[in-house]
Amino acid sequence: MLYGIAAAATALLLTALLTALLRAPARRLRLFDRRRQREVPLSGGPAVVLVTGAVVGAGHWIGIAPPLDDEVLELLVAGGVVAVLGFVDDVWRLRRRVLAVGTAVAAACVVPYGETGIGSGLLAVGWVVCATLGFRGLDHADGLAGAVGVVTAFGAGACAAIEVMDGIAVLMSALAAAMTGFLVHNWHPARAALGASGSMSAGFVLAGGVVYARAGQGLGESAGVLFALTAVVGADAVLVLVARRLDGRAVLRSGPDHLGHRLRRLGLTVHGATLLLAFGAFSGVLVGVLAHAGWVGTDALWWVAGVALAVVLALSRVRVYGPRSPRRLVSPQVSAPLRVRNG
């Protein structure tokens with residue numbers, strides 16, 4: 001108990017300090033995220049990744065914590081690989097399919113097939129990939145990824161604690177504390193962002209930890225619990241993909257069409273939109289933890305899915321795309337538009 005509190009406090013303080021220290025190197029390396037004409041350095045991701053791994057590993061190394069479980073080691077190593085993949089994306093902008101394939105390979109190495117079975121294990125790999133990329137999408141607005149990440153990490157840690165998986169619970173508490181330290185710099189107006197390295201690795205570790213906690217339990221209920229714990233991430237991803245598809249836009253191209261963008265269009269402030277989505281994440285996480293513990297029935301999970309669907313349908317009616325200008329065929333020699341004959 002005392003070790004968990006000390007580890008969380010250390011992770012919070014070190015992440016807040018390291019995020020500030022890494023801002024200058026990020027600026028020199030031109031690692032920015034442009035938000036409303038502001039260049040936000042991507043110093044939060046490396047800070048969260050390094051501090052979380054260091055705090056969890058240091059407790060074992062100096063002998064004040066129990067030995068690291070195999071699950072924790074696998075999550076740390078695979079999460080580090082995903083963080084490197086995300087960092088490469090921050091520098092060179094990889095294709096989304098490359099990120100998805102790399103994340104899938106990492107997820108396939110940590111899913112406990114012995115408890116889930118091959119079929120359910122492959123479904124778990126797909127869910128980890130979706131949750132990882134969905135969490136990456138939340139890093140578009142000040143404070144959103146940090147707030148949702150903190151809430152989700154506490155929920156994942158609670159599920160692990162209920163299953164007496166102390167190693168996973170400590171990892172989740174350290175990640176929640178690190179995300180809180182990052183949130184100090186990410187609150188509007190943000191002075192640091194996670195970038196793909198931090199958002200993808202955090203989403204991967206969170207998703208993997210929940211998979212371990214639910215391994216060996218019913219597939220249907222597990223799917224409901226997993227969705228409830230990441231309801232905001234799932235709703236945001238579904239809304240963006242469906243809206244772009246219906247509008248005929250490239251599904252994998254970024255745009256101002258996420259939950260936060262649409263709430264801003266309705267008149268909410270940056271703080272208001274972030275707090276509202278964080279409250280939504282907390283509500284889903286609370287239901288997911290209670291359902292995992294068996295304190296509420298599966299009907300509550302259907303309510304979470306229903307509310308998420310209602311939110312997606314309602315916000316999908318908010319216009320975020322501008323009118324498209326018709327394309328004209330122009331001759332290479334003259335500037336007048338070419339007339340195309342029928343037939």
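Asp-247 is partly exposed, with a relative accessible area of 32%, where buried stands for under 20% relative accessible area, exposed for over 50%, and partly exposed for the range in between (1.4 Å probe, protein chains only). The model is a predicted one, in which local features need pLDDT of at least 70 and side-chain atom pairs count only at pLDDT 80 or more, while totals for chains, interfaces and linings use all residues. Residues are numbered from 1 along each chain as its sequence is written, and side-chain values use heavy atoms, with hydrogens and water left out.

**Salt bridges**

Side chains of opposite charge can pair when their charged atoms come close. Counting a salt bridge as a side-chain nitrogen of Lys or Arg within 4 Å of a carboxyl oxygen of Asp or Glu, the structure holds four. The table lists some of them.

| Pair | N to O distance |
|---|---|
| Arg-249 and Asp-247 | 2.5 Å |
| Arg-244 and Asp-257 | 2.7 Å |
| Glu-39 and Arg-30 | 3.6 Å |

The salt bridge between Arg-244 and Asp-257 links distant parts of the chain, since Arg-244 sits in helix α12 (residues 231–246) and Asp-257 in the loop between α12 and α13 (259–265), 13 residues apart; helices here are DSSP runs (H or I, at least four residues), numbered from the N terminus. Arg-244 counts as buried at 5% relative accessibility, and Asp-257 is likewise buried, at 1%. For the remaining tabulated pair, Glu-39 is partly exposed at 30%, whereas Arg-30, at 55%, counts as exposed.

Helix α10 (residues 195–214) has 20 residues and reaches 29 Å from its first C-alpha to its last, close to the 28 Å expected at 1.5 Å a residue, the expected span being 1.5 Å times one less than the number of residues. The helix is mostly covered, with 20 of its 20 residues buried. One of them is Ser-197, which lies in α10 and has a relative accessibility of 4%; its C-alpha is 32 Å in space from that of Ala-293, a residue 96 positions away in sequence. Just after α10, Gly-216 takes a positive phi of about 90°.

A cavity is defined on a 1 Å grid over the protein atoms alone, as a set of points where a 1.4 Å probe fits but cannot get out, with lining residues having an atom within 4 Å of a point. The lining of the largest cavity consists of Ala-131, Phe-135, Thr-152, Gly-203, Leu-206, Ala-207, Thr-230 and Val-233. The elements that give two or more residues to this lining are α7 (118–137) and α10, and the largest share, three residues, comes from α10.

**A nonpolar surface patch**

Phe-87, Val-91 and Trp-92 make a nonpolar surface patch of about 330 Å². Patch members have over 30% relative accessible area and no salt bridge, and nonpolar side chains (Val, Leu, Ile, Met, Phe, Trp, Tyr) are joined within 5 Å, with areas from the Shrake-Rupley method and a 1.4 Å probe. Val-91, placed in helix α4 (residues 70–92), is partly exposed, with a relative accessible area of 37%.

Notes. Patches are made of residues with over 30% relative accessible area and no salt bridge: like charges are joined within 9 Å, nonpolar side chains (Val, Leu, Ile, Met, Phe, Trp, Tyr) within 5 Å. On a 1 Å grid over the protein atoms alone, a cavity is a set of points where a 1.4 Å probe fits but cannot get out, and a pocket is an open set with protein on both sides within 12 Å along at least five of seven lines; lining residues have an atom within 4 Å of a point.
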